[in-house]
Amino acid sequence: MEDRAREIFGNRISEAAYRSACASKERYVKKFGSDEDASYPTILKNNDVIGPAFGAKEVRLVSSSEEKGDAEFDTERGMIVGNIRMGFGHYRISMAIASCAAALGYRPYWMDLNSYPQTACTKVIGAQNDLYSMGSRISQKSALFNRVVWEPVNYEGFRKLTYNASDQKNAEIMAPVFRNVPKDIPVIGTHVWPAQAALHAGMKYVVNAIPDNWPMALHLAEGAVHTVQTHSAYQGYRILNGMDGDRVLKPMPADSLVYTGHYVDAEFVDNIETDCTNRIARKKEGKPMRFLLTIGGAGAQKDIFAAIIRHLMPAVKEHRAVIYINVGDYKNVWHELEHDIPELSSVTEKHFNNWGQTKAFCDEALQADIEGVHVFWHENIFEAVYCTNLLMRSADVLVTKPSELSFYPVPKLFIRHIGGHEKWGAIHSAEIGDGTLECPDIDHTDQMLDMFLDDSVLFENMCSCIMSNKKAGIYDGGFKAVRIAAELKAGKRILGGH
């Protein structure tokens, strides 16, 4: 097997860095074992959330060949969406890709490498996810840790080619989960590890859908077609900008990198004009402005959201604001908000763990008048993530950190980032006019909330920009990523040849 950690796009990794990468892999093998000789039967199973939404089936590994699936792999129209649950972001991007695949007539297969607890693959991913989640939470509580450790790691540490070398070695541990997957089904990875693992496993057609707007070697999977959502990211990745200090590196080949635009669900793109027209009409008619607060991951920014809710409560009581709160699958976050804001419960309608009720509310809210506060919690991870997707269409303003949600076609208010790489999502959004500048603290966040409530110009400009951006194809990235995968399979796009 080709050793992808020794050289990255023609740039040789130092012997010391290569030994360090090998040592990283060996530590995980020593801790979790190796699946190198394992052969897990692979089946497709129905999913009650993403199945009805866009026809996706889950790829599962089973311990016995006697367990049967709900369908056979379609090697002609099938398309694997490779992902990991690490927070909510990569799941949401995967949902966008799967939605676009279904809209284009393909059969999306959902393959979460963090959902196979019997494998070394999932154990390695889980260990790294636990470390990242812990770092995120500490960074929100300790300014010193954030400044000295977390920001530099996220901004420069993940940027280095040497980091990619270690990831490539660790991804060799993940490759066996693809052993019994048909090798000629295209794979679109919405995190680099599924893309790297697919390549190590011999999958023939791999697209690496890069999520972030700050170019980092962390996201490189040589052998795949890399897609990016912005032109600035394209330039940074093409020249591997700053990925080895001041050293000028050999660039990525032109056929390895494609600008696609934003990865957005098909149903969002199809309804942009309708949704933005409705938003403008509600504002002009003086109806309550709807703020969607989505608290992902482990609720690391709960204190910021609590301050936002407190600021909006007078407007809620005056029927000038409505608050949607999605706490994902973290019910404890809601209990903490209730404790911190005693008046919250009396004005809140709870939508807890009833997916049918949640979908009905989201459908009704597209046309009906809504008041008060509505909180959503779902134990099922697919429901927890997709709830935000459904709520976004009827929301007026999405309040979020500048992460994967930066790229969605809804007016956005950006709170403080977690990890320096995220801030470039807000920069891009502000430049194309569909979101605010990043608010660095509560005072600036309150100022922006009041701007949305009391001023129509900023909000209506965002809606107009979203509709103009659609005409420019900015939100077509999901469709384009799927088409690239199909072109690889059809032989219309060949890596290493033009």
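Let's start at T227, which stands opposite V258 in strand β11. This is a predicted model, so keep that in mind throughout. T227 belongs to strand β9, residues 225-228.

Now the pairing. β9 pairs with β11, residues 257-259, in the parallel sense over 3 bridges. Strand β8, residues 206-209, pairs with β9, again parallel, over 3 bridges.

Are the faces of β9 covered or open? Both are covered. V225 and T227 are buried on one side. H226 and V228 are buried on the other.

Next, a helix pair. Two packed helices are described by the angle between their axes and the distance between the axes. Here the pair is α11, residues 302-317, and α16, residues 442-454. The angle is about 35 degrees, and the axes are 10 Å apart. The crossing of α11 past α16 is right-handed.

Which residues make the contact? From α11, they are I304, A307, I308, H311, L312 and A315. From α16, they are I442, T445, D446, L449, D450 and L453. By type, the contact holds 8 nonpolar, 2 polar and 2 charged residues.

On to the backbone. Stay with α11 and step into the loop that runs between this helix and β13, residues 321-326. H319 sits in that loop. H319 is not a glycine, yet its phi is positive, about 65 degrees.

L240 lies in the loop between α8, residues 231-238, and β10, residues 243-246. L240 is buried, with a relative accessible area of 1%.

Last, the cysteines. A disulfide is a covalent bond between the sulfur atoms of two cysteines. How many disulfides does the structure hold? The number is 0. Take C22, which is in no disulfide. Its nearest cysteine sulfur belongs to C121, 19 Å away. C22 counts as partly exposed, at 21% relative accessibility.

C439 is in no disulfide either. For C439, the nearest cysteine sulfur is that of C465, 17 Å away. C439 counts as buried, because its relative accessibility is 3% and the cut-off for buried is under 20%.

Technical notes:
Residues numbered from 1 in each chain as written. Predicted model: local features only at pLDDT ≥ 70, side-chain atom pairs only at ≥ 80, totals over all residues. Heavy atoms only, no water. Disulfide = S-S within 2.5 Å. Buried < 20%, exposed > 50% of the residue type's maximum accessible area, 1.4 Å probe, protein only. Helix = DSSP H or I, 4+ residues; strand = E, 2+ residues; numbered from the N terminus. Pairing = 2+ DSSP bridges. Axes fitted to C-alpha atoms, helices over the stretch in contact; angles between N-to-C directions. Left-handed = near helix turned anticlockwise from the far one by under 90°. Contact = heavy atoms within 4.5 Å. Nonpolar A, V, L, I, M, F, W, Y, C, P; charged D, E, K, R; others polar.
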